[in-house]
Amino acid sequence: ELRKAAAVGLLRLCDSTLKLEETHLTARMWHILGNTFLDPDKSVRESVMGELSSMLVASGRFQHNPPFPPSLRFVAYVSLCADGDSSGSAANAGAANVGKKSSSLRASATQCAVQLRSVCRQAQAQARAINRAAERKFEDNLKLKVMPEYSVPFALHLLAFREETGSAAGTLAGEDDDEDDVDEGELAAVQTAAQKMLRKRLKWLFDPLVQSLGSGADNISFLLRMVELIGKHPLINVLKSSNADVSALEESLDYSDDEGDNDDAINHVDEKEAAARMKVICQFAREVLLSHVKKDVNLTGYPGKISIPSDLFGMSDESPAKARYESDESDEDKPRRKRPKKSISHYVKENEEKGSGADDGHENEEERDESDEERLESPAKGESEEEDFGFGDVSPISKAEDKSPPPARKSKRGGSKAASSAKREGSAVRRSSRH
């Protein structure tokens, strides 16, 4: 009863309208709170799953006008709410099966995905109506909080630090490497059961996200890219006190008074082992997502960038140290290197070549393009100091060119314009002198 009251009370304190969750619920305590969804007592698990279901659909104590969307960290808890093959199975961390309560929570997750997507579209439309700056702010901040697909990084981080995931990956943390006393048949059976449970948890996570869009779901390629991005970044073990901001309340709830013992009591998974587990998670996640591909529209490419929370995943060298999200650097999103503008001297040279010979058609154009590319790749002597920033030709060569006026253009009758104008002026003077 104490565990049930504490877990339900914490979930109610994380109501979006109170605005306490983001400030006071650290990533470490969020991981620890997730253990209540795998409680071996059936009444405890039913209570916390019922409370989470109410939070996801904004009903009961979480009903407000207007409704506030739940935090995506709690949407990620859906991955821990699947039942195992049997109640109390080791593959499901000894959690008690709750039957219809688990299926009901999955339906609530689908409804929550629909509501979050509606909020995301409305916020995007409002931002576009304001100005471009507001739209950029939406893309960089608000979208990462209300787009349901962004619950995936939180869920995969949760699963990577579960002991039963280590069984699925074949790397159990904290165990000796002595395999003499281990029955290979029993170990294989444990690993098979753990892998089956891991796939089921991933289906509980991805099915609501895909099925909420119907048969024409176009977010599968987005999710595949997100899973690929997550697999490329190292995980941060937020369960270790050295990597987390531990409050005075958390220190008072430590399992041991000895420094360092509490870390082992909570979790003893290092980042290297977590990365090995994440490879297996991403592999299974890809299989689950590809099972939803039925039409070509299901693999519609996502044009924008994809980000993951930097407080859970390691930052790359190019990213700013204090950035909250780590962005995708795929080929589609990388800014393409613009081809430098051609200088004035290039066009002068090109016009001279045109005047000296007739145009040979497409073959000459291809040859000129190839010569341009060669000039850009390996500039000739004298052009090595030239760097075009879009201001035309500012090279020393162009400045040293002859600035004398060009020769006078001849008129159509063969004489120059200056000679013809002089003749007209002379005749006018002679007529005036006669008068």
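Predicted model: local features only at pLDDT ≥ 70, side-chain atom pairs only at ≥ 80, totals over all residues.

Reader: Why does Ala-58 count as buried?

Author: The relative accessibility of Ala-58 is 16%, and buried means under 20% relative accessible area, exposed over 50% and partly exposed in between (1.4 Å probe, protein chains only). Ala-58 therefore falls in the buried class.

Reader: What makes the backbone of Ala-58 worth noting?

Author: Ala-58 has a positive phi of about 55° although it is not a glycine, and most residues other than glycine have a negative phi. Lys-19 likewise has a positive phi, near 55°, and is not a glycine.

Reader: Where is Lys-19 placed, and why is Lys-19 called exposed?

Author: Lys-19 sits in the loop between α1 and α2, and its relative accessible area of 66% puts it in the exposed class, so the label follows from the value.

Reader: Which peptide bond is cis, and how do you know that?

Author: The bond joining Asn-65 and Pro-66 has an omega of about 0°, and this is the cis bond. Pro-66 lies in the loop between α4 (42–57) and α5 (72–75). Most peptide bonds are trans.

Reader: What makes the nonpolar surface patch of about 330 Å²?

Author: Leu-10, Leu-13, Leu-18 and Leu-20 make this patch. Leu-20, in the loop between α1 (2–13) and α2 (21–24), has a relative accessible area of 32%, which is why it is called partly exposed.

Reader: How do you know that Glu-21 forms a salt bridge with Arg-73?

Author: A salt bridge requires a side-chain nitrogen of Lys or Arg within 4 Å of a carboxyl oxygen of Asp or Glu, and in this pair the closest N and O atoms are 2.7 Å apart. The pair links distant parts of the chain, with Glu-21 in helix α2 and Arg-73 in helix α5, 52 residues apart. Glu-21 is buried, at a relative accessible area of 12%, and Arg-73 counts as buried at 11%.

Reader: How close are the N and O atoms of Asp-83 and Arg-45, and which parts does that pair tie together?

Author: The closest N and O atoms of Asp-83 and Arg-45 are 2.9 Å apart, and the two form a salt bridge. Asp-83 lies in the loop between α5 and α6 (100–130) and Arg-45 in helix α4, so the bridge ties together parts that are 38 residues apart in sequence. Both Asp-83 and Arg-45 are buried.

Reader: What makes Asp-140 and Lys-305 a salt bridge?

Author: Their closest N and O atoms are 3.4 Å apart, and Asp-140 forms a salt bridge with Lys-305. Since Asp-140 lies in helix α7 (residues 132–146) and Lys-305 in the loop between α14 (271–290) and β1 (307–309), the pair ties together parts that are 165 residues apart in sequence. Asp-140 is partly exposed with a relative accessible area of 44%, and Lys-305 counts as partly exposed at 39%. The structure holds 19 salt bridges, and Arg-106, Lys-203 and Asp-207 are linked in a network of them.

Reader: How many disulfides does a search of the whole structure find?

Author: The search finds zero disulfides, a disulfide being a pair of cysteine sulfur atoms within 2.5 Å. As for the cysteines themselves, Cys-14 counts as buried at 9% relative accessibility, and Cys-120 counts as buried at 9% relative accessibility.

Reader: Which residues have the most contacts inside the largest nonpolar core?

Author: That core has 86 residues, and those with the most contacts inside it are Phe-37, Leu-52, Phe-74, Tyr-77, Leu-202, Phe-206 and Met-278. A nonpolar core is a set of buried Ala, Val, Leu, Ile, Met, Phe, Trp, Tyr and Cys residues joined through side-chain atoms within 4.5 Å. Leaving aside neighbours within four places in sequence, Tyr-77 is in contact (heavy atoms within 4.5 Å) with Trp-30, Leu-33, Gly-34, Phe-37, Leu-52 and Leu-158.

Reader: How many helices and strands does the protein chain have, and what percentage of its residues count as buried?

Author: The protein chain has 18 helices and two strands, and 38% of its 435 residues count as buried. Among contacts between residues at least 6 apart in sequence, 77% join residues at least 24 apart.

How values were computed. Residues numbered from 1 in each chain as written. Heavy atoms only, no water. Patch = residues over 30% accessible without salt bridge, like charges linked within 9 Å, V, L, I, M, F, W, Y side chains within 5 Å. Areas by Shrake-Rupley, 256 points an atom, 1.4 Å probe, with all protein chains shown as cover. Helix = DSSP H or I, 4+ residues; strand = E, 2+ residues; numbered from the N terminus.
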